[in-house]
Amino acid sequence: MAHGVALIWSYRNRISQKEVFYPFFCVMAKLTQNWDKPDSGMPAVWERLFLFPRESRMDEKCSGRQEAGFMWYVIQVSGGQEEGTARLMQKRIPRDILTECFIPRKERKKKFKGIWRQVEEILFPGYVFAVTEAPGELFLRLKAVERMTKLLREETFFYPLSSEEEEMIQGIGDKRHVTRISRIVVGPEAGRDREVVILDGPLKNQEGRIVRYNLHKREVTVRIPFMGNDVELRLGIEMVGERGRKAGS
């Protein structure tokens, strides 16, 4: 009995007052079945009780989009842990729950010892993207992943993207979720401003989102919606010519 009271008290210190009944359900589920193993098959009644407060709030975020099928979620992780977390998720979570797990990337040019080289970098550092039709089940499975348990106590670490955000990120990426370099031409200098025309690439028809150009670093800053806010991203460009320049000049 003392052990049971101590266990309940230890759980109580880790949760909010809104989840006051959460430890009771956890202890009872623990007594009835070994539910902490992902494949143990927690009884449906305990699963519903176990998920209750957070899954219901998650459903509120997704209301109106559940019937659309697959949804994109972002999962916040520690910087530098994106690849490891994505591999762990793919290994531990079945495909019927985690349809796809990926990390959007971008191409850009960087100069190394005076030579420009093309590299790939993470587009949204600190985030892993997940596609699922079952966000509640995915959230439960994520809680069984060791490095995710602490992060998932905060709802902002598991966030559904809106249709606009999803379409925007899909629009600038390819099938591998890589944002390629856009090719541009620039006009002659007119004071400090130069006319820039995007020939092709993910920035084509996205000129209204461009905040500024940095021709010296071969990058452009764009503003896009992400997690309910506008964020600025630096994307790669390549200058392939200058408008108005005469041949041979």
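Let us start with a term: a residue is buried when its relative accessible area is under 20%, exposed when that area is over 50%, and partly exposed in between (1.4 Å probe, protein chains only). Helices (H or I, at least four residues) and strands (E, at least two) are DSSP runs, numbered from the N terminus.

The model you see is predicted, so local features need pLDDT of at least 70 and side-chain atom pairs count only at pLDDT 80 or more, while totals for chains, interfaces and linings use all residues. Residues are numbered from 1 along each chain as its sequence is written, and side-chain values use heavy atoms, with hydrogens and water left out.

Helix 5 (residues 135-143) is mostly covered, with eight of its nine residues buried. These are Pro-135, Gly-136, Leu-138, Phe-139, Leu-140, Arg-141, Leu-142 and Lys-143.

In helix 4 (residues 82-92), the buried residues are Glu-82, Thr-85, Ala-86 and Met-89. Looking down the axis of helix 4, they fall within an arc of 100 degrees, so they line one face of the helix. That arc is taken from the directions from the helix axis to the C-beta atoms. Arg-87 and Lys-91, on the other side of helix 4, are exposed. Why can one face form like this? An α-helix has 3.6 residues a turn, so residues three or four places apart point the same way.

**The nonpolar cores**

A nonpolar core is a set of buried Ala, Val, Leu, Ile, Met, Phe, Trp, Tyr and Cys residues joined through side-chain atoms within 4.5 Å. The largest one has 26 residues, and Phe-124, Phe-129, Leu-161, Val-222 and Phe-226 have the most contacts inside it. Strand 11 gives the most to this core, with four residues. Several elements each supply at least two residues, including these:

| Element | Residues |
|---|---|
| Strand 1 | residues 71-76 |
| Strand 5 | residues 127-132 |
| Helix 7 | residues 163-172 |
| Strand 11 | residues 219-226 |

Another core, of 19 residues, lies apart from it, and Tyr-73, Val-77, Leu-138 and Phe-139 are among its members.

Is Ser-182 buried or exposed? At 0% relative accessibility, Ser-182 counts as buried. Ser-182 lies in strand 8. The C-alpha atoms of Ser-182 and Pro-202 are separated by 6.1 Å, although these residues are 20 residues apart along the chain. Not counting residues up to four places away in sequence, Ser-182 is in contact (heavy atoms within 4.5 Å) with residues including Ile-198, Pro-202 and Ile-237.
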